[in-house]
Amino acid sequence: MAQPNVVRDLNNDLWARAATGLSDNDKRNINFNRPDKLNILAELHATTEKSRQRSIESRWKYIRKNGEVVIIRDVFEKIVRWIDMFKQVGDAAVQYDPAHASLPWAGIRFLLQIAVNDIGKYASVVEDLTRIAELICRFALTEELYLQGTSKAVKELENSVVKLYAYILSFLSTAKQYLEQGTVKRTLKSAFLTEKDLDSGLSEIRAAEKEVDLCVVLVDKLDNIENHAKLMDILVRIDKPLRRMDDGLNNIHDDLQASKRTKIIQWLSPEPYIQHHKQNMQGVLAGTGQWLLSDPVFKKWKDDSASSILWLHGIPGSGKSKLVSVVIEEALACYKAGDSPQPVFFYCSRNPAEPARSEPQAILASLARQLSCLDPGKPLLKPSVNLFKEREAQGFASGSLQMDEILNLVLQLIAQYPLTTIVIDAMDECDPRNRHELLKALEKMLQNSSSLVKIFVSSRNDQDIVLRLRHYPNLEIDSRRNSDDIARFVKDQVEQLVQDGRLLQYSNSEMEMKKLIVDKVIEGATGMFRWASMQLEYLCSFELDDDIKSSLGRLPPDLNTLYDELYGLLSTKPGQVQAAIFRNALYWLLCARRTLKTEEFLCAISIDSKSGRIMEVVSKDLVLKICSNFIVFDPQLDTYRFTHLSVREYLEQRPEYGPSSTNALAAEVCLWTVMSVSSNIATKKLLLELGWRAKTLLATFERLCTYADIYWPEHCMSANEQRQSGRLKKMLHNVLIGLRGAGTAITLWNNRLRKHLAGYEHWDGKSRLEDVLPSASSESSLGLFLSCAFDFEELIEVGVKESAQAMDLVNQKGRSILHVATRNGSCASLAKLLALVQPRIEVTQEAVAAAAGNSYNGKEVMALLLEQRG
């Protein structure tokens, strides 16, 4: 029962009581009594602000023993925060006398004023003082809320608080002696203090704090509702993160027109990162992911004054990307509340249609773009503007920045902010050949930045990532952590499927079946959202309760087994057209070189390469039904995607979906669109022979023409051995060999390609296609340049024999066929060229430089050239 409200004696200063029990040495060290106690806070505030400003100007930081870089500016800002919070306690509390705490505040001020040459030593003590300042503030609230009675429990709590205060004062005494070592001559009797002595003092404080917390549980709160509410509000705000925002950022001006800003940020990176976030946010249930935000490891990473990486990892399908989107949303909420700058983020993806989403250079460039302004559309920061103007003056094209240049820009931009929060999802989907470059860049940001940097990374447990990040704080997703989220997800999904009529439509005991399904799926999920989602989708294929029960009784233990069952169900459904749509959709998503808009995708999958028949273009929703739970629609970018990376991985394990097969299909469809516009008789005859419609494309299918023009050579190149037999061989030979003239497919394509190249600024593979275009005197050898650029080595010999001066031909850039093959890493074509030309040809300096610049197979190219020279 609550005790009667008894007003405490205002002279009952618990800090003074704590001081009486200290040793003589500690009493001497903390003798900071002053008659003007109320001025202590104002003076401490001024001292701290002065030190904070100096830390900003001097870019103070120090490295902890664990390697974390502490930004001292942030430490001082925390002390300022606790001073301001303590003032609010004094304003809200009726009985509490803030002057009682003048002793520890004066001690903190004295420590901040000690001149120390070792900045690391000084900073480590200052960081400890932030904790002391928080305790002073927090337990001022404890005194007012709980020490208002006369019960035994209140007296025990009071004694515990006094004990805690004594440990705090003793710590301040120890810290004073520790800092003064080296500045004051020690006597022979005085002990030399080390960091261990400070750590020991902090351990005593933590133990005493726990004792106070136990006593608090036994004491009822004060029954004064009005004051209680005010103080509880302060207590809630004590636990809120520090406000880390520079209001001056809102006053930046760049004197640029909106169109110029757009040009600059597009030059830095064209990636639609906001749309990727919105897509990942779809399906996130309200309230899920809170276990992560409240986890002590996450809270420490977020609130700590050290720049650090927090690594979230787990098995496939455990919901990592959804959790990342929750982290980003929380960071965005802090920005909207004015507490911190906007986070910068990137969702990696292993998808040939979006190559930049797996390239470290492109990922870093997107971060630079986001850091370039406080919010999209707002003025740009100077480092980005200056770099753009410099490159513009030099005439450099877009995408010309190298990795080290982008990193340097990022570091300059980070320096403009008090805090930079970087979130990168699915690091494991970054290209494994060079993702170490991104990890190294992130570590350089931690080490070299003078501002606070918080980096949140998610990935699977790929070995190279584990080795790189194992020393950083990490959180592993398992069924113990996300079980509540999975339970909520399963219940929500079951209700939705039932409401949509997809599940239990003919059930005789719907309530009983719903409970059974929910219980069994939750039990079998073992931390995998993806497994739960797939299982529910699979259950939708059954109409009768007994069949559902039977399926629930033999739940597949892993994703691959479940994919096998669902794939078998979908791929064997009756209907030849439906089967073709299902196969084509999977093929195209596996190999497409860029994201296909809905109209393009529907057009592509409606062409049956086996029969050459154009099927009626299917609807968007029908595709989703035919490819149930393998494919989703992305409304943000108007395109289709695999529902999860594990779908791509499953299909890649099946022989019929190997890269040669998928690219061969795409190559045939693309070549058909290229050849269909030709008026050449031989071409029309070939199309008829192959069973393809040899006439101008229907208007509907013209939407695929631009994609086909740009990417048919890449698909042919990736078709590998399948390019050298069957329909694809005949089509490729028809386009590249022997046919010239105004109406031929290759001539018409050449004219269209020049227009495409002139109209695209941001385009992966553009450089290779530019190498294809011949000079005016080499028009008849376009096929040879194509073969050298895209490594069609089986066509090299024919192309060389067609022209006696083949080795002297140059393209529109002045590059020879040898240079083109070398520059594009076409090893097989290069070997063929070197073998065909006798006597040995001269390997130019430009060709060697081109080989050295090839990051993927430059070594192999260089070996061929050196062998030729030898």
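How far is the sulfur of C348 from the closest cysteine sulfur, and in which residue does that sulfur lie? The model is a predicted one, and in it the closest cysteine sulfur to that of C348 belongs to C430, at 5.3 Å. A disulfide requires sulfur atoms within 2.5 Å, so this pair is too far apart for a bond. The structure as a whole holds 0 disulfides. C348 is buried, with a relative accessible area of 4%. Another cysteine, C627, is buried at 0%.

**The protein as a whole**

The protein has 40 helices and 11 strands. It consists of 870 residues, of which 55% count as buried. Of the contacts between residues at least 6 apart in sequence, 77% join residues at least 24 apart.

**Helices α10 and α16**

Helix α10 covers residues 258-268 and helix α16 covers residues 382-394; the two pack at an angle of about 80°, and their axes are 11 Å apart. Angles of 65 to 115 degrees count as roughly perpendicular, so α10 is roughly perpendicular to α16. On the α10 side the contact is made by K260, K263, I264, W267 and L268, which meet S384, L387, F388, R391 and E392 of α16. Sorted by class, this contact has 5 nonpolar, 1 polar and 4 charged residues.

Which residues of α16 are buried? They are P383, S384, V385, L387, F388 and R391. The cover over the buried residues of α16 includes α10 and also α17 (403-414). After α16 comes G395, whose phi is positive, near 75°.

**Helix length**

Does the length of α16 agree or disagree with 1.5 Å a residue? With 13 residues, α16 should span 18 Å, and because its end C-alpha atoms are 18 Å apart, the length agrees.

The buried residues of α14 are K320, L323, V324, S325, V326, V327, I328, A331, L332, C334 and Y335. G338 follows α14 and has a positive phi, near 80°.

Most residues other than glycine have a negative phi. L504 has a positive value, with phi near 60°, and is a residue other than glycine. L504 sits in the loop between α20 (479-499) and α21 (510-525). N629 is not a glycine either, yet its phi is positive, at about 65°. The loop that holds N629 runs between α27 (620-626) and β10 (631-634).

**A residue in a strand**

T420 is part of strand β5 (residues 419-425). Leaving aside residues up to four places away in sequence, T420 touches L371, I414, L452, V453 and K454.

**Accessibility of single residues**

The table collects the relative accessible areas of residues discussed above. Under 20% counts as buried.

| Residue | Relative accessible area | State |
|---|---|---|
| C348 | 4% | buried |
| C627 | 0% | buried |
| T420 | 3% | buried |
| L504 | 4% | buried |
| N629 | 12% | buried |

Among these entries, N629 counts as buried because its 12% falls under the 20% cut-off.

Note on methods:
Residues are numbered from 1 along each chain as its sequence is written. This is a predicted model: local features need pLDDT of at least 70, side-chain atom pairs count only at pLDDT 80 or more; totals for chains, interfaces and linings use all residues. Side-chain values use heavy atoms; hydrogens and water are left out. Axes are lines fitted to C-alpha atoms, for helices over the stretch in contact, and angles run from 0 to 180 degrees between N-to-C directions. Helices (H or I, at least four residues) and strands (E, at least two) are DSSP runs, numbered from the N terminus. Angles under 35 degrees count as roughly parallel, over 145 as roughly antiparallel, 65 to 115 as roughly perpendicular and the rest as oblique. Contact means heavy atoms within 4.5 Å. Ala, Val, Leu, Ile, Met, Phe, Trp, Tyr, Cys and Pro count as nonpolar, Asp, Glu, Lys and Arg as charged, and the others, Gly among them, as polar. Buried means under 20% relative accessible area, exposed over 50%, partly exposed in between (1.4 Å probe, protein chains only). The expected span of a helix is 1.5 Å times one less than its number of residues.
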